Each structure stands twice: as structure tokens, then as C-alpha cells.
Protein chains: 2
Amino acid sequence: MTTTDRLLLGPGPGNPYPEAVAGLARPLLGHMDPEFIAVLDETMARLRTVYRTANPLTLPISGTGSAGMEACFVNLLEPGDTAIVGANGVFGDRMCEVARRCGAEVVRIEGEWGRALDPQRLLDAQRAHPHARLVAVVHAETSTGVRNEVAPLRALQDTDTLFVLDAVTSLAGIPVEIDAWGVDAAYSATQKCLGVPPGLSPVTFSPRAVARVQSRATPAQSWYLDLALIASYVAGSARVYHHTAPVSMVFALHAALGAILEEGLEAVWARHAAVGAHLHDALPEMGFPLLAQEGHRLPELTTAWLPDGLDDAALRRALLSDYGIEIGGGLGQFAGKAWRFGFMGHSARERSVVTLLGALRDLR
Amino acid sequence: MTTTDRLLLGPGPGNPYPEAVAGLARPLLGHMDPEFIAVLDETMARLRTVYRTANPLTLPISGTGSAGMEACFVNLLEPGDTAIVGANGVFGDRMCEVARRCGAEVVRIEGEWGRALDPQRLLDAQRAHPHARLVAVVHAETSTGVRNEVAPLRALQDTDTLFVLDAVTSLAGIPVEIDAWGVDAAYSATQKCLGVPPGLSPVTFSPRAVARVQSRATPAQSWYLDLALIASYVAGSARVYHHTAPVSMVFALHAALGAILEEGLEAVWARHAAVGAHLHDALPEMGFPLLAQEGHRLPELTTAWLPDGLDDAALRRALLSDYGIEIGGGLGQFAGKAWRFGFMGHSARERSVVTLLGALRDLR
């Protein structure tokens, strides 16, 4: 079965860094092999650097980004807890649903799609629900292209409420400052700006989040995602077997993080910013008005309205079949009305922008 | 960071088929790309062939084997349900724990480690608990090297109780007959006899298991593992996005299944059987008495007692460092007393046996 070598400019996966692909193909090791444990340790150290945190419990969860989301909620919530969740896109809605399935009372702070959520509304909700277990918000909404302002949520450190951040589409694309912002738990995904194929979800838990996990009255409802158990494999001195780590994917993540840190994290952010700015300039000129609120536009994930009369499905099909370029359609309430362009990880290159713009010019 | 090219003869992962490694390195596709959907469809068809089932809902779960276990329990159990679980090893115990975290009343049918569980005891337990939601048992216990007799559990088809099978270490190593045995739900893992790196868990659900999922009073407690949602991506005509599939791992599984079916499933079973028989003959002669009950020894996963005076850790370390050969120590109550040898997937070759035996002879 033949498949095509695509230029991946949708909402993820992006094209993996060549180093990540080489990592995948590395000779396999057992998950208890001292050589693998050393690679895992270095991977976790690199994740701390990228997350800008000193949190010891910083590790890749053995599943995709949604597994990381679930890992945060099943470990931090117990039935009856209150969870305050910002919802201005598909992934905020998903957090509400996951929290509900943990038996939590969800206080949903709804925001208009395409606009940023005012962090003061989340802080006000916490003041109204001072015993809330956590406030959760999406940093970079993949469904809308919006960057939510999250640094002010640092104020939650003065309360007993934990701050949970979805960093799926932001980590290694735009600044993420776990310690400076007082984030207690965050999750990401490998296939976005980290430039690795999908399959792992890097998470980080602050000491007070870890204390919360350790003081639970009931075990986490998920055995697979139970961080108390996982921690004794990834971080305990005894390395107690929990489940078999996805070794090849960890090799790939390790290698991509190496490439990112060699380029320099700030340089990687600047590369994403430059590519995004180029695209944001060009799209309106070509008749695609930008969708996301000005000042809150993600450089790595751009949303744009479709011009009147443009045939969404046909044009995306032509991009894919004639040029091997994948872009993303609208998700949720934007389906059929907008497109999503992702320039993430290895895809975040000037070359990718001129390729996309050239193909679009030819097709229209 | 350099790592070694190991001969993986422990309890898993085994060495991947070369085709699987080539699959990993294939150019990445998006999870909604028609070309990827075609590969996923063919992967599911191949899994049906290997599982010997016509079940439409046969798919890779985006996690390791323990995620597949959890997927079976969270989808089939609701709080208050009774689950009858056979427990004669670590993985039977794990099933009890996962079922408990789903809120189930667990009826634990304990068996001696190293001996097979009498399936009549499970059927008797079902007769004593006729409203039990499911009976679950491990086919090939990775911790003991025992093959449990599971075909007689077909009798559960005459009851309202579902039959759940752990096929982690049996699938593509010894005969697994989902439809002939009346199995309602089974899960496996890629890093054992399927000869793929760890990271996916193939599961299969019978029509009556699917009906059970559809008639739940409450949603599954896991959103990530909710088969009602996953099915609309993998099998629905609309291919509704749920989570981003681990594309590279699916490529690897697709390729390994292709290699297995090209060799022929019966030929692959015969290869595992021949390699296991060779090892079972040789180990006692070398002073390693076989641990598992005669007549129930797995060819792909052999357990043997350590000779008196043998230094467990030192000898395994020497095998690893001097010969690059990984074998497994004892797990649970066999820690320090037994070894586990896995000859699974691409590792199941005569060449692997002579290599191991030669190294052991040299080291002792």
C-alpha cells in the first residue's frame, strides 16, 4: 500500500524533525534496560527545560494529548470536587467532559470562539467557588487559533485551587513558562510544535499537585494513568515496573528535544513567530480574512475565514492530491467556514509558507 | 547518547520485525488523510485475521497493553457490576485492580502461580453469580509462563455474562480463536508476538460486547478509551475525529501484520512452538528446571527456576553487557527465584536460541 510524502500544514501532526524519525528507527531496547532508563531520564530533563520548570514529575504519558489531559484530571479530581474550566473552543469543551467523567462538578466559563478568554473571569469564578479543586484552561486553542492569556492565573497560587494548563499546541511553539506562571499541572502532545509523530503526551506536575495526588482519599479511577504508580517507574529509585513504556516513541521525543535545544528554545519560538507573521500578512491579501482576535493570534496555528464561493472540500482535496499538502478544515462551529493552517515543529519553515502560498495561488 | 543493538529475549518487548521498523520510519501522514484511513482499515482487517474473528470492532487502542485492558473494563463495566476474574499471576491481579477502579465488585478466583487455572472454576463462579457482567482471564500469563485453558469458557455464550480475554502474550504466538471460543472482548499488545515496538493495544469486541457498550446507563469513565467515541473515528462512515491516532505506530503494526500473514499465521505459530520446544529441552539439561506446569507451558514465554547458588542479577547483567542479550527476571513472587525467557515475534528464531544457550554456557 503506497502512501505519499506529505507537507503537513494542518492542525497536527506536523512533519517530524528528521532527528525524531531517526529516533524511531533506533534499535529497540527493553523498558527496564539501564540504557533506556538513561534515555528516559535525559528525555525528562529536556522536557523540564522546554516546559521551563524544575518539577521533578515531568514525563511523557504513554498516549496521545487527550491521554495527557485525562491523566491530569483523573489524578487531581475526586468525585464531588469542583472544576472550573475555561471553554472557548473544542478542547475547552473536551476538558469539561473529561472532568465530568471524573465525577466533578464542572463550572464552565464559556467564551466566544475566536476570541481570548479574560483570565479575570476564571479568577472571579474561583473566588465564587473558593474550594474548587482546580481551574483549567487551554493555552493555544487548536480549534480557533486563539492564544488565551494565562499568566495572570498565577494568582491561584495564593489559593488552594490548582492551575491546570493545556499546552498541547503551545509547547515549543510559543513561550510556555510553567514555573513563572505558577502552573500546577500541564499536558502537551508530541505531534505539534515538538515535531514528533503522535503517540506521547508530556505532562508536568508541580510539588503541590503531587501532594494532591498523594493525599487522595480514593485511588485514581484510571490504573493506566495513575501518576502515583507511574512515578515509581519513571522517577523512583527502584524503577518499579508499571506498564511497558513506548520505547521507540520515547527515542523519537528524546531526539526531537535534542534538536530543539540545540537550535535554542528562544530561536525555535522566533522561527514559529516569523513563519506565523509571514502567513498572517499573506492570507488577508489573498482573500482569507484572519479569524482569531488580533493580539491573540497563534503563529503556529492560524485560522482564516473562507472567501465567499470557495469550495472548502474540493480545494483541500486538490491541495492534498495535486501538491501533497495537508491543511485543516474548520472544527466544531467553524466547520465549512474556516481553515486551519499549522506551521509547527519541523513544518515551521519559511519554505513551507512559500510552498503553501504558491499552491493556493495556482489553485484559485 | 549511544545505545546498544540488543537481542531482546525477555518478557517483551521482543525485537521488532524489520518490516515494522521500516513502517515506523515511513513519511508521516495526518490522522484524517484518506491514505492513512486506508492503512488503518487494512490494519484492522489484518487484526481480524490474526484474532480469527469477524468482529467489525477490531482496532488498535492508542496505548500499551494495559491501556487495552483498561479499555475493556471501562467500556463493559458500570459501578456495582460484578466481575469474575481469574488470578494466577501478575496480570490477573492487575485485571482485578482495574475492574475495582471501575466500581465493580470483583470475584477473584485465585490460582497457584505456575499452574493453569481450571476453567470450570470460572464457570462455577458464574453459576454462583449469574448476573455477573463478565468473566475475565489471562490466556498467556507473562509472569508465570503458563497457558490457561480458555476454550471451555465458550459456555458463557449461553449466559448473559461476557467473556473477556487477555491475549497480550498469546496473539500471533500461539493459537487464539476469538470467534470459535466465543470471546466477547480481548486485548493484546504490539511488543510481544506481533513483533512491533510497544505503544499500541489491539482490541476486539464481539457484537454482544458492542451492544453492552451501547446500552450503558452511564458514559464510560474514560473519555480517551470510550469505544463508542473511538468507533465513530475508526469504523464510522463519517470518520469523526476523536483523538489523533499514533500514525507511525499504526504503520509499524500494519507492516508487521503484513509480514506475519505473508509467512502464514499457522507457520508463525509453528515457528514459536519449535523455538519454545528447543528451549524447553535445553534449559533443564543446563540446570534450569522449567517452572510452569507441564502441558501448559508457553513456547513464547518460558519460565525456569534458577540453579542453587546462581547470582541472578550478576548473570543477567553479564548477559546484557557482554553479549547484548536481555532476558527477564522473575516478577512478583518469583522475583530472584526464576528467569523469564521470551522468544516472541522476530526474536522467535532458532538463531536466538543457540545464541542464548551459547552465551549461558560461556558464562556459567
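**Note on helix packing, core and chain contact**

1. Helices α2(A) and α8(A) cross with a left-handed sense. The model is a predicted one. In chain A, α2 spans residues 34-51 and α8 spans residues 247-263; their axes come within 9 Å and cross at roughly 45°. The pair is therefore oblique.

2. On the α2(A) side, this contact is made by Phe36(A), Val39(A), Leu40(A), Glu42(A), Thr43(A), Arg46(A), Leu47(A), Thr49(A) and Val50(A). On the α8(A) side, the contributors include Val247(A), Phe251(A), His254(A), Leu257(A) and Leu261(A). By class, the contact of α2(A) with α8(A) comprises 12 nonpolar, 4 polar and 2 charged residues.

3. In chain B, the axes of helix α8 (residues 247-263) and helix α9 (residues 265-285) come within 5 Å, crossing at roughly 90°. Helix α8(B) is therefore roughly perpendicular to α9(B). Here Ile260(B), Leu261(B) and Glu263(B) of α8(B) meet Leu265(B), Ala267(B) and Val268(B) of α9(B). Of the residues in this contact, 5 are nonpolar, none is polar and 1 is charged.

4. The contact between the two chains involves 51 residues of chain A and 51 residues of chain B. On the chain A side, α1 (18-24), α2, α3 (65-76), α4 (90-101) and α8 each supply at least two residues. The side of chain A that touches chain B is made up, by class, of 23 nonpolar, 18 polar and 10 charged residues.

5. In soluble globular proteins, nonpolar side chains tend to be buried together. The largest nonpolar core in this model holds 242 residues, and Ala99(A), Val135(A), Ala99(B) and Val135(B) have the most contacts inside it. Leaving out residues up to four places away in sequence, Val135(A) touches Ile84(A), Leu122(A), Gln126(A), Leu153(A), Leu156(A), Thr161(A), Phe163(A) and Val164(A).

6. Val90(A) lies in helix α4 of chain A. Apart from neighbours within four places in sequence, Val90(A) is in contact with Ser143(A), Leu331(A) and Gly332(A). Ile109(A) stands 19 residues from Val90(A) in sequence, and their C-alpha atoms are 13 Å apart in space.

Terms used
Residues numbered from 1 in each chain as written. Chains lettered and ligands numbered in written order. Predicted model: local features only at pLDDT ≥ 70, side-chain atom pairs only at ≥ 80, totals over all residues. Core = buried A, V, L, I, M, F, W, Y, C linked by C-beta atoms within 7 Å. Buried ≥ 20, exposed ≤ 12 C-beta atoms within 10 Å, placed from the backbone. Contact = placed C-beta atoms within 7 Å. Axes fitted to C-alpha atoms, helices over the stretch in contact; angles between N-to-C directions. Helix = DSSP H or I, 4+ residues; strand = E, 2+ residues; numbered from the N terminus. Parallel < 35°, antiparallel > 145°, perpendicular 65-115°, else oblique. Left-handed = near helix turned anticlockwise from the far one by under 90°. Nonpolar A, V, L, I, M, F, W, Y, C, P; charged D, E, K, R; others polar.
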